[in-house]
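Thank you for making time this morning. I would like to walk through one model with you, so please keep the picture in view while I talk.

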Amino acid sequence: MKRVDLIKEIAAEFELIANRLSETEVATVASVVELEPQHLAEIAKRAQKLTGPKNVKLKMVIDKSLLAGIIIRIIEEFGALFIKARICPSKGGDRFQL
């Protein structure tokens with residue numbers, strides 16, 4: 001029965017190894033509301049430019065303590081990169097300004 005408790009730890013370690021092998025960086029996106037898929041795609045694209053890995057995987061987190069905007073956390077091997085962004089209205093729809 002105690003082995004069942006280890007499944008989450010094993011899965012997390014497997015994900016870390018798989019991400020390293022595929023050169024994927026995991027970024028956590030915190031927002032007060034669920035973001036639209038096009039916004040998440042733009043965030044991934046810009047995070048990829050900043051970090052340089054081949055792939056960026058986003059994990060969405062709802063954070064009710066935020067008043068507005070988003071916070072992106074990218075944990076790299078030797079440090080962390082925090083990016084604050086805000087949504088700017090435009091004629092073609094909302095856009096993120098990083």
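Let me begin with a term: when I say contact, I mean heavy atoms within 4.5 Å. What we have here is a predicted model, so local features need pLDDT of at least 70 and side-chain atom pairs count only at pLDDT 80 or more, while totals for chains, interfaces and linings use all residues. Residues are numbered from 1 along each chain as its sequence is written, and side-chain values use heavy atoms, with hydrogens and water left out.

If we leave aside its neighbours within four places in sequence, Asn19 is in contact with Thr24 and Val26. Asn19 is buried, with a relative accessible area of 11%, where buried means under 20% relative accessible area, exposed means over 50%, and partly exposed is in between, using a 1.4 Å probe and protein chains only.

Helix α1 itself has 15 residues and reaches 21 Å from its first C-alpha to its last, close to the 21 Å expected at 1.5 Å a residue; that expected span is 1.5 Å times one less than the number of residues. After α1 comes Glu23, whose phi is positive, near 55°.

One partner is Lys57, with the closest N and O atoms 2.8 Å apart, and because Glu15 lies in helix α1 and Lys57 in strand β2, the pair ties together parts that are 42 residues apart in sequence. The other is Lys59, at 3.5 Å from N to O, and here the parts tied together, again helix α1 and strand β2, are 44 residues apart in sequence. Glu15 is partly exposed at 24%, as are Lys57 at 34% and Lys59 at 36%.

The structure holds 3 salt bridges, and one of them joins the side chains of Glu42 and Arg46, at 3.1 Å from N to O. Both of these residues lie in helix α2, 4 residues apart, about one turn of the helix. Glu42 is buried, with a relative accessible area of 16%, whereas Arg46 counts as partly exposed at 28%.

Turning to the strands, 8 bridges join β1 to β2 (residues 55-62), and the two run parallel; strands pair if DSSP finds at least two bridges between them. Ser31 has Ile62 in β2 as its bridge partner. Strand β1 is mostly covered, with 6 of its 8 residues buried.

Finally, the largest nonpolar core has 9 residues, among them Ala27, Leu35, Ile43 and Ile72; such a core is a set of buried Ala, Val, Leu, Ile, Met, Phe, Trp, Tyr and Cys residues joined through side-chain atoms within 4.5 Å. The elements giving two or more residues to this core are β1 (24-31), α2 and β3 (70-76), and the largest share, 3 residues, comes from β3.

Key:
Salt bridge = Lys/Arg side-chain N within 4 Å of Asp/Glu carboxyl O.
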